[in-house]
Amino acid sequence: MLIFLDTPEIEPLKAGHATGLVDGVTTNPSLIAKSGRDFKEVIAEICEFISGPVSAEVAAIDAPGMIKEGKVLAAIADNVVVKLPLTIDGLKACHALTQEGIDTNVTLCFSAAQALLAAKAGASFISPFIGRLDDLGQDGMELIHDIRDIYDNYGYTTKVLAASIRSAAHVKQSAMAGADAATIPPKIFDALYNHPLTDKGLADFIKDWQKTGQSIL
Ligand code: E4P
């Protein structure tokens with residue numbers, strides 16, 4: 001499963017990259033606004049050290065505007081993936097950009113029917129938002145299962161990128177549902193490896209090893 005970090009913040013991205021476990025990055029306009037950084041500048045900076053897919057979202061809401069912006073974003077670096085909203089204009093732009101060989105991530109997906117259309121439009125990634133569905137009392141994970149089934153039924157190669165992840169359990173459930181990738185906030189990345197029993201077990205092993213008076217080197 002591919003793991004992307006859902007942030008434009010350089011420090012956590014560098015820390016995640018140093019682990020060798022991070023395959024890519026996603027951003028969105030809200031995260032860019034929160035960072036206070038210049039959008040194109042920060043995407044270029046991320047692409048200097050992340051060689052996997054880096055999603056950058058268009059701001060236009062009409063297809064011609066999205067296509068124009070998408071080309072500008074794609075020109076920043078070879079690994080930029082143009083993020084488009086799941087509207088009819090977003091799907092048109094996805095189709096057009098795909099024809100030009102530009103990778104796309106269709107975002108704000110909340111139904112399997114939407115995901116089917118994104119695959120037909122040639123999206124490289126579809127981003128179903130699990131957490132936001134759960135917030136409404138719906139079952140976000142069911143959406144991942146449904147999309148997986150539909151894509152497998154027809155052999156669509158669009159990658160399922162589980163988004164709006166709120167917990168380590170979401171990551172595990174997405175993996176079990178067959179998501180190709182998950183994009184997660186840095187805090188959740190840490191939650192994937194941290195476990196109190198690992199910490200306690202290690203503390204005991206260190207104490208007992210010291211009692212042996214031995215050294216491996
Ligand atoms: C994905 O690409 C989005 O940026 C992100 O996962 C949205 O998450 P949120 O619902 O926590 O804002």
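Biologist: How far is an oxygen atom of the ligand from an N or O atom in the side chain of R166?
Modeller: This is a predicted model, where local features need pLDDT of at least 70, side-chain atom pairs count only at pLDDT 80 or more, and totals for chains, interfaces and linings use all residues. Residues are numbered from 1 along each chain as its sequence is written, and side-chain values use heavy atoms, leaving out hydrogens and water. A polar contact is a pair of N or O atoms within 3.5 Å. For R166 and the ligand, the distance is 3.0 Å.

Biologist: Which residue has a side-chain N or O atom 2.6 Å from an oxygen atom of the ligand?
Modeller: Let's look at two side chains. In D6, an N or O atom is 2.9 Å from a ligand oxygen. The residue at 2.6 Å is K83.

Biologist: What is the volume of the largest pocket?
Modeller: A pocket is an open set of points on a 1 Å grid where a 1.4 Å probe fits, with protein on both sides within 12 Å along at least five of seven lines; lining residues have an atom within 4 Å of a point. The ligand takes up the space of the largest pocket. A volume is the space filled by probe spheres set on the points, and here that is about 340 Å³.

Biologist: Which helix gives the largest share of the lining of the second largest pocket?
Modeller: Helices are DSSP runs (H or I, at least four residues), numbered from the N terminus. At least two lining residues each come from helix 2, helix 3 (39-49) and helix 4 (63-74). With three residues, the largest share comes from helix 4.

Notes
A polar contact is a pair of N or O atoms within 3.5 Å; within protein, one must be able to donate a hydrogen and the other to accept it, and residues adjacent in sequence count only if both atoms are side-chain atoms. A molecule sits in a cavity or pocket if more than half of its atoms lie within 2 Å of its grid points.
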